[in-house]
Amino acid sequence: TMGNWLVNHWFSAAVLAAWLGINIFLFTYYFLFFDRNEQYFYTRAILGSALAWARASAKCLNFNSMLILLPVCRNLLSFLRGTCLCCRRTLRKQLDHNLTFHKLVAYTLALLTGTALHWAGAWGGPGGGQVGDLPVPCPAVHTIAHLFNLERYNHSQQATDRSLPAVLSKMHLQGSDKWLNPIHSNQTTVEYVAFTTIPGLTGVIITLALILMVTSSTEFIRRNYFEVFWYTHHLFLIYFAGLVIHGIAGLVRGQTEESMEKVHPHRCAQYLTQKEEDCSHDCCKHPEFGSIPAESWKWVLAPVLLYIFERILRVWRAQQKVVVTKVVMHPARVLELQMQKKGFCMEVGQYIFVNCPTISLLEWHPFTLTSAPEEDFFSIHIRAAGDWTERLIDTFQQQNPEMPRIEVDGPFGTASEDVFQYEVAMLVGAGIGVTPFASILKSIWYKFQQADQTLKTKKIYFYWLCRDTGAFAWFNDLLASLEQKMAESGKADFLTYRLFLTGWDTSIANNVALRFDTPTDTVTGLRHKTIFGRPMWNSEFAAVAAAHPRSVVGVFLCGPEALAKSLQKFCHQHSSLDPRKVKFYFNKENF
């Protein structure tokens with residue numbers, strides 16, 4: 001219901017409203033400014049309302065360009081997450097939406113640029129040439145807008161009458177600094193402007209770079225050809241360089257304040273079209289114009305410097321020596337790497353970026369840590385899912401006397417860090433998405449070993465969905481030892497786990513049917529039997545709500561987006577509006 005949604009997402013809604021409100025304010029304020037300010041009276045005579053649309057869009061573009069890098073400053077987010085441990089849960093959860101906000105800002109850039117990039121940007125506006133995850137049709141919008149804008153300049157330049165736009169377009173004949181129309185020749189073409197002016201050339205380069213970024217940012221490309229996404233997304237360097245350079249030519253101009261005091265347009269515009277040879281009136285002097293200074297660099301300087309510091313920190317940490325202490329090859333082509341690194345300190349559910357220079361010097365891939373903070377090493381599990389992971393697994397499977405060098409950046413915080421902040425936790429992993437919960441369950445095992453009295457969590461429900469039986473193998477030992485340890489501690493009810501096999505054949509089904517009465521599961525060897533099919537989430541949530549009617553339940557997922565939408569829906573449905581009753585809070589891993 002809408003009530004439950006507001007209860008769970010009121011802070012997200014407030015952040016979104018504030019961001020949207022600032023965009024609306026900037027657009028409205030600067031639209032009215034450029035549409036009514038007398039300093040741009042003569043500019044509007046040539047361009048009409050296009051000037052206001054362009055400049056207002058430019059301000060919003062600058063604002064969103066200032067924001068676009070902040071959600072991907074991972075060290076900053078980890079720092080904020082650490083400082084927010086004492087903050088309200090709703091405040092910390094906002095950090096988990098970093099990539100969602102990054103995409104939102106990017107699409108806003110695309111929308112604004114689509115309406116106004118070359119109306120003003122191609123002519124030197126401070127906001128020109130900036131796009132985020134640009135939809136493919138937008139370059140066409142830019143081109144059409146640019147052609148329309150150029151046509152108005154051309155029409156005014158070629159006009160032979162005494163109309164105001166025509167007179168203003170000939171102002172360059174009165175002196176090199178008196179021009180208003182940037183086109184000074186009747187022979188000017190679209191190609192000439194696009195490839196010989198700073199705004200035109202940077203606009204073309206930025207647009208091409210953004211098309212490549214967008215087409216490689218789709219879900220399909222990211223999942224199946226991550227390397228393509230990784231390399232092309234670094235074209236953002238061209239974007240920001242072009243953004244800063246794009247407006248320095250100052251081709252959009254307005255009347256100077258000194259000139260307005262002498263020849264105000266409301267008083268003197270008519271004399272430009274009706275000037276006589278022996279004119280002696282004060283308005284006989286020609287108006288003088290000045291460029292609008294480039295402003296984009298002022299907006300993006302701070303976040304760019306912050307991002308540069310972020311990258312320097314990553315490079316420095318990556319250079320620190322990593323020792324691979326153990327390599328384990330699990331079924332279903334899952335590689336486990338156990339490593340040690342001086343000064344490495346982690347929390348449950350965190351992730352690292354991994355680089356193998358033998359395979360690629362530039363590619364860094366995220367992997368969730370599967371070790372516990374209590375262990376003297378950190379580990380990751382890598383499933384073969386693409387060219388890079390295939391080559392990494394093959395490299396470690398080769399019987400080389402020298403171990404391949406591994407570089408590590410991180411760890412970085414995720415939503416799973418907050419799992420011990422909840423009285424009740426529902427952990428949902430799909431396939432290799434179980435990795436963050438391996439870290440959590442291991443940490444719980446150590447806490448039971450050490451009789452930790454500070455553990456706030458009283459109950460954990462663990463759900464693991466796999467397509468094939470081989471995927472269960474590497475995790476079985478951990479679950480078996482947890483079962484045994486909790487039974488010995490008298491807390492057998494602390495962990496309830498359900499394993500779901502979503503893909504099977506008749507031989508597996510027949511084997512299970514024959515051994516149905518055995519005390520352990522045929523597939524996993526554990527006490528809990530494997531369930532064939534998918535979970536009935538409505539029943540699962542209803543059961544948890546009934547068992548814990550006054551608890552705050554944290555739902556944690558590492559899995560596909562379709563499952564995330566389903567779990568989020570049930571969190572809303574089964575959360576009570578009464579603050580004294582059960583509440584479900586949804587958390588999802590984002591890389």
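A salt bridge is a side-chain nitrogen of Lys or Arg within 4 Å of a carboxyl oxygen of Asp or Glu. By that criterion, the side chains of Glu-310 and Arg-314 meet in a salt bridge, at 3.0 Å from N to O. The model is predicted: local features need pLDDT of at least 70, side-chain atom pairs count only at pLDDT 80 or more, and totals for chains, interfaces and linings use all residues. Residues are numbered from 1 along each chain as its sequence is written, and side-chain values use heavy atoms, with hydrogens and water left out.

**Overall architecture**

- The protein has 22 helices and 14 strands; these are DSSP runs numbered from the N terminus, with helices being H or I of at least four residues and strands E of at least two.
- Of the 591 residues, 53% count as buried, where buried means under 20% relative accessible area, exposed means over 50%, and partly exposed lies in between (1.4 Å probe, protein chains only).
- Contacts are defined by heavy atoms within 4.5 Å; among those between residues at least 6 apart in sequence, 76% join residues at least 24 apart.
- The accessible surface comes to about 27,800 Å², and 60% of it belongs to carbon and sulfur atoms; accessible areas come from the Shrake-Rupley method with a 1.4 Å probe, and for residues only the protein chains shown count as cover.

**Salt bridges**

- The structure holds eight salt bridges.
- Glu-310 and Arg-314 are four residues apart in helix 16 and are therefore separated by about one helical turn; both Glu-310 and Arg-314 are buried.
- Arg-333 forms a salt bridge with Glu-390, with the closest N and O atoms 2.8 Å apart. This pair links distant parts of the chain, 57 residues apart: Arg-333 lies in the loop between strand 3 (322-330) and strand 4 (334-341), and Glu-390 in helix 17 (residues 387-397).
- Arg-333 also forms a salt bridge with Asp-394, for which the closest N and O atoms are 3.2 Å apart. Because Asp-394 lies in helix 17 and Arg-333 in the loop between strand 3 and strand 4, the pair ties together parts that are 61 residues apart in sequence.
- Relative accessibility is 30% for Arg-333, which counts as partly exposed; Glu-390 is partly exposed at 32%, and Asp-394 is partly exposed at 34%.

**Aromatic pairs and clusters**

- The structure holds 25 aromatic pairs. Rings of Phe, Tyr and Trp (its six-membered ring) pair if their centres lie within 6.5 Å; planes under 30 degrees apart count as stacked, over 60 as edge-to-face and the rest as tilted.
- Phe-353 and Phe-412 form an edge-to-face pair, with 6.0 Å centre to centre and 75 degrees between the planes. The pair links distant parts of the chain, with Phe-353 in strand 5 (residues 351-355) and Phe-412 in strand 8 (residues 407-412), 59 residues apart; both Phe-353 and Phe-412 are buried.
- The ring centres of Tyr-463 and Trp-537 are 5.2 Å apart and their planes are at 65 degrees, so the pair is edge-to-face. Tyr-463 lies in strand 10 (residues 459-466) and Trp-537 in helix 21 (residues 537-547), so the pair ties together parts that are 74 residues apart in sequence; Tyr-463 and Trp-537 are buried.
- One aromatic cluster is formed by Phe-25, Tyr-29, Tyr-30, Phe-33, Phe-34 and Tyr-40.

**Charges over rings**

- A charge sits over a ring if NZ of Lys or CZ of Arg is within 6 Å of the ring centre and within 35 degrees of the ring normal.
- Arg-55 lies over the face of Phe-34, at 5.7 Å from the ring centre.
- The charged end of Lys-569 sits over the ring of Phe-570, 4.9 Å from its centre.

**Nonpolar surface patch**

- Ile-198, Val-244, Ile-245, Ile-248, Trp-297, Leu-301, Leu-305, Ile-308 and Ile-312 form a nonpolar patch on the surface, with about 800 Å² of accessible area together. Patches are made of residues with over 30% relative accessible area and no salt bridge; like charges are joined within 9 Å, and nonpolar side chains (Val, Leu, Ile, Met, Phe, Trp, Tyr) within 5 Å.
- Helix 13 (236-246) and helix 16 (296-318) each supply at least two residues of the patch, and the largest share, five residues, comes from helix 16.
- Leu-301 lies in helix 16 and is partly exposed, with a relative accessible area of 42%.

**Backbone and loop features**

- A cis peptide bond, with omega about 10 degrees, joins Gly-410 and Pro-411; Pro-411 lies in strand 8.
- Gln-274 lies in the loop between helix 15 (265-273) and strand 2 (289-291) and is exposed, with a relative accessible area of 55%.
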